[in-house]
Amino acid sequence: MRTFLISDNKDTWVGMRLCGVDGVVVHSRKEVLNEINAVFRDDTIGLLLLTERIVDLAKEEVMEYKLKKAIPMIIEIPDRHGTIRSGDAISQYIRESVGIKI
């Protein structure tokens, strides 16, 4: 299984390319959705990496894929500048996904 990156900046893309990870750089919601759909049609991809800003462009669709599809696994990563999420991002994710406050 391959890993694929959808990034909003070239620096993250280049860094992942150096590690052998294929990917694309996109900037609009339409581009993000097109690339995500292409990844889900490719059964050789087992892990999809998305930068935080990419997730922000298509939050509802990404959450729906995370909840309904097991493969590829979707992982949200910060870019080279660090995270833009709050300290309780995992608790918030659980609260949104399951409806349980921890």
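View 1. Arg2 is partly exposed, with a relative accessible area of 32%; here buried means under 20% relative accessible area, exposed means over 50%, and partly exposed is whatever falls in between (1.4 Å probe, protein chains only). A quick note before going on: this is a predicted model, where local features need pLDDT of at least 70, side-chain atom pairs count only at pLDDT 80 or more, and totals for chains, interfaces and linings use all residues. Residues are numbered from 1 along each chain as its sequence is written, and side-chain values use heavy atoms, with hydrogens and water left out. Back to the arginine: the side chains of Arg2 and Asp42 meet in a salt bridge, at 2.9 Å from N to O. Since Arg2 lies in strand S1 and Asp42 in the loop between H2 and S3, the pair ties together parts that are 40 residues apart in sequence. Asp42 also counts as partly exposed, at 26% relative accessibility. For the record, a salt bridge is a side-chain nitrogen of Lys or Arg within 4 Å of a carboxyl oxygen of Asp or Glu. Helices (H or I, at least four residues) and strands (E, at least two) are DSSP runs, numbered from the N terminus.

View 2. Asp22 forms a salt bridge with Arg17, and the closest N and O atoms are 2.7 Å apart. Asp22 comes out as partly exposed at 30% relative accessibility, and Arg17 is partly exposed too, at 37%. A search of the whole structure turns up 5 salt bridges.

**View 3. Arg29 and Glu61, a salt bridge between two helices.** In this one the closest N and O atoms of Arg29 and Glu61 sit 2.5 Å apart. Arg29 belongs to helix H2 and Glu61 to helix H4, so the pair ties together parts that are 32 residues apart in sequence. Arg29 is partly exposed, with 36% relative accessible area, and Glu61 is partly exposed at 23%.

**View 4. Phe40 and Tyr65, a stacked pair of rings.** Rings of Phe, Tyr and Trp (its six-membered ring) pair if their centres lie within 6.5 Å; planes under 30 degrees apart count as stacked, over 60 as edge-to-face and the rest as tilted. By this rule there is 1 aromatic pair. The ring centres of Phe40 and Tyr65 are 4.1 Å apart and the planes are at 10°, so the pair is stacked.

View 5. Which residues of H4 are buried? They are Val62, Met63 and Tyr65. These three cover an arc of only 160° around the axis (the arc of the directions from the helix axis to the C-beta atoms), which puts them on the same side of H4. The face turned away from that buried side carries the exposed residues Glu60, Leu67 and Lys68.

**View 6. Val62 and its neighbours.** Val62 is found in helix H4 and is buried, with a relative accessible area of 1%. Leaving out residues up to four places away in sequence, Val62 touches Ile36, Leu50, Val55 and Ile74; a contact means heavy atoms within 4.5 Å. The C-alpha atoms of Val62 and Leu50 are separated by 9.4 Å, the two residues being 12 apart along the chain.

**View 7. Strand S3 and its two parallel partners.** In strand S3 (residues 45-51), 6 of the 7 residues are buried, so the strand is largely enclosed by the rest of the structure. Strand S1 (residues 2-7) and S3 pair in the parallel sense over 5 bridges, given that two strands pair if DSSP finds at least two bridges between them. Leu5 stands opposite Leu49 in S3. Strand S4 (residues 73-77) runs parallel to S3 and is joined to it by 5 bridges. The bridge partner of Leu50 in S4 is Glu76.

**View 8. The chain as a whole.** The protein chain has 5 helices and 4 strands, in the order β-α-β-α-β-α-α-β-α along the sequence. Of its 102 residues, 30% count as buried.
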